[in-house]
There are 2 protein chains.
Amino acid sequence: MELYTYFRSSAAYRVRIACALKGVSPTPHFVHLLNHGGEQKQAEYSKINPNQTVPTLVTEEGAITQSLAILEYLEERYPNPPLLPVHSHDRAFVRSIALTIACDIHPINNLRVLQYLTGTLGIAEDAKNTWYQHWVMHGLNALESQLANHPASGDFCHGDQPTFADICLIPQLYNARRFKVDLSAYPTLTRIESNCLAISAFIEASPEKQPDYQ
Amino acid sequence: MELYTYFRSSAAYRVRIACALKGVSPTPHFVHLLNHGGEQKQAEYSKINPNQTVPTLVTEEGAITQSLAILEYLEERYPNPPLLPVHSHDRAFVRSIALTIACDIHPINNLRVLQYLTGTLGIAEDAKNTWYQHWVMHGLNALESQLANHPASGDFCHGDQPTFADICLIPQLYNARRFKVDLSAYPTLTRIESNCLAISAFIEASPEKQPDYQ
């Protein structure tokens with residue numbers, strides 16, 4: 001398999017963690033989201049991923065876009081170790097945490113949206129950072145509350161094994177630190193983060209460990 | 001089961017379609033996203049859904065938030081009719097279409113983000129509408145390309161039965177029409193839309209058919 005990735009993309013980071021946990025090593029292709037006006041917009045990559053986002057996983061059957069679709073695919077094709085619990089209601093909980101990050105926090109704060117705010121709309125740098133912090137903190141507040149009160153909480157978001165929820169949480173917290181969000185109000189999230197960052201798969205997948213890191 | 005819904009919410013609309021296709025009828029509770037400063041922000045609802053979004057599905061085991069987590073739950077608990085194909089790569093394709101809408105189009109354009117743009121940032125109505133159209137058209141362009149070139153295209157996004165992809169597409173197109181997006185460049189999407197809107201489950205789930213419609 002082949003993985004189109006960018007070291008700093010939260011969505012690509014999720015897939016890198018999942019691959020490392022599953023012991024799957026797709027050949028990486030690096031798509032720099034800033035160089036050359038954004039390599040994701042070039043014709044060759046747009047053919048593979050018309051939405052011009054990373055990651056894309058290419059299998060022998062074709063391209064798969066969207067990080068959470070790739071996670072579900074990996075879970076179905078490489079079931080061990082499982083990254084979703086067994087019981088449907090628990091699976092729904094894990095997916096809901098992953099989706100709160102993937103739908104309600106990350107898309108409002110990713111590079112293309114921040115570029116539109118400061119470029120097209122002429123929003124000042126300060127107001128852009130306030131925007132970022134507003135949406136991230138709204139989402140992290142909800143996650144802290146959900147996870148602190150979760151009856152099956154353990155070392156990770158759900159129980160004592162990492163799941164899709166942790167795979168989405170770690171890149172989001174990494175990103176929040178980059179934008180200097182104060183994480184002291186999120187003891188449950190940062191406790192889970194510490195547990196994840198003790199696992200080699202999470203370390204290997206981090207931006208700093210990627211060949212395209214700069 | 002109970003479903004917290006708002007007639008105009010795209011995400012609640014998705015879950016209403018899935019329930020109608022599955023023949024499941026949760027008791028509705030109406031959460032008006034504008035009245036009383038946004039009923040989703042009230043303490044009682046925030047306990048059920050700390051993220052203060054709709055929909056929330058409440059089962060005998062507790063609350064499930066996030067529309068796509070609810071769809072996956074319904075698929076696991078009520079497998080007939082299936083709303084995902086059988087083969088993993090096909091499932092990934094369907095999920096990727098659903099996620100392009102749920103992650104890359106809808107979150108940037110939902111009520112709370114548009115309110116922040118015009119309220120906190122003081123963006124003019126015209127620029128807000130341009131923002132909306134920019135992100136929707138970027139996403140729909142990608143979907144049109146993916147679906148027009150999909151080898152398993154049929155009456156619906158994938159094959160001849162509705163899936164998660166169609167369930168997400170119909171509310172997004174409904175929303176795009178509200179914001180006067182020209183859909184003439186999307187013949188594949190609008191053809192699929194016509195096929196969906198010939199099915200009673202899609203009709204029943206539409207905003208106009210909801211008791212809280214106004």
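Colleague: Where in chain A is A:Pro81 found?

Modeller: A:Pro81 sits in the loop between H3 and H4 of chain A. Helices (H or I, at least four residues) and strands (E, at least two) are DSSP runs, numbered from the N terminus. The model is predicted, so local features need pLDDT of at least 70 and side-chain atom pairs count only at pLDDT 80 or more, while totals for chains, interfaces and linings use all residues; side-chain values use heavy atoms, without hydrogens and water. Residues are numbered from 1 along each chain as its sequence is written, with chains lettered from A and ligands numbered from 1 in the order in which they are written.

Colleague: Is the peptide bond from A:Asn80 to A:Pro81 cis or trans?

Modeller: Most residues other than glycine have a negative phi, and most peptide bonds are trans. The bond from A:Asn80 to A:Pro81 is cis, with omega near -5 degrees. A cis peptide bond also joins A:Val54 and A:Pro55, where omega is about 5 degrees. A:Pro55 lies in the loop between helix H2 (43-48) and S3 of chain A.

Colleague: What is the phi of B:His36, and where does this residue lie?

Modeller: Phi of B:His36 is positive, about 55 degrees, although the residue is not a glycine. B:His36 belongs to the loop between S2 and helix H2 (43-48) of chain B.

Colleague: On to the sheets. What is the strand order of the open sheet in chain A?

Modeller: The order is S2-S1-S3-S4, four strands with mixed pairing; two strands pair if DSSP finds at least two bridges between them. Strand S2 (27-30) and strand S4 (62-65) of chain A are the edge strands, each pairing on one side only. On average, neighbouring strands of this sheet are turned by 25 degrees against each other, direction ignored. Here axes are lines fitted to C-alpha atoms, for helices over the stretch in contact, and angles run from 0 to 180 degrees between N-to-C directions.

Colleague: How many bridges join S1 to S3 in chain A, and what packs on the sheet?

Modeller: Strand S1 (residues 2-5) and strand S3 (residues 56-59) of chain A run antiparallel and are joined by three bridges. Within this pair, A:Glu2 stands opposite A:Val58 in S3(A). H3(A) packs on the sheet and touches S3 and S4 of chain A, its direction making about 120 degrees with that of S4(A). Contact means heavy atoms within 4.5 Å.

Colleague: Which strands stand at the edges of the sheet in chain B?

Modeller: The open sheet of chain B has four strands in the order S2-S1-S3-S4, with mixed pairing. Strand S2 (27-30) and strand S4 (62-65) of chain B are at the edges with a single partner strand each, so one side of each has no neighbour in the sheet. S1 (residues 2-5) of chain B runs parallel to S2(B), joined by four bridges, and B:Thr5 stands opposite B:Phe30 in S2(B). S3(B) and S4(B) pair in the antiparallel sense over four bridges and form a hairpin with two residues between them. The bridge partner of B:Thr56 in S4(B) is B:Thr65.

Colleague: At what angle do H4 and H6 of chain B pack?

Modeller: Helix H4 (residues 88-109) and helix H6 (residues 125-148) of chain B pack at about 170 degrees, with their axes 9 Å apart. That makes H4(B) roughly antiparallel to H6(B); angles under 35 degrees count as roughly parallel, over 145 as roughly antiparallel, 65 to 115 as roughly perpendicular and the rest as oblique. The contact residues divide into twelve nonpolar, five polar and no charged. Ala, Val, Leu, Ile, Met, Phe, Trp, Tyr, Cys and Pro count as nonpolar, Asp, Glu, Lys and Arg as charged, and the others, Gly among them, as polar. Among those of H4(B) are B:Phe93 and B:Ile97, and H6(B) includes B:Trp131 and B:Leu143.

Colleague: How many cavities of 30 Å³ or more does the structure hold?

Modeller: Rolling a probe the size of a water molecule over the atoms shows where empty space is left. There are two such cavities; on a 1 Å grid over the protein atoms alone, a cavity is a set of points where a 1.4 Å probe fits but cannot get out, and lining residues have an atom within 4 Å of a point. Grid points are joined across faces, edges and corners, and a volume is the space filled by probe spheres set on the points. The largest cavity has a volume of about 140 Å³. Its lining includes A:Glu72, A:Arg95, B:Glu72 and B:Arg95, and divides into eight nonpolar, no polar and four charged residues. H3 (67-77) and H4 (88-109) of chain A and H3 and H4 of chain B each supply at least two residues of that lining.

Colleague: Which element gives the largest share of the lining of the second largest cavity?

Modeller: H7(B) does, with four residues. This cavity holds about 30 Å³ of space, and B:Arg8, B:Tyr13 and B:Arg178 are among its lining residues. By class, the lining has three nonpolar, two polar and two charged residues.

Technical notes
1 Å grid on protein atoms, 1.4 Å probe; cavity = no way out; pocket = protein on both sides within 12 Å on 5 of 7 lines; lining within 4 Å.
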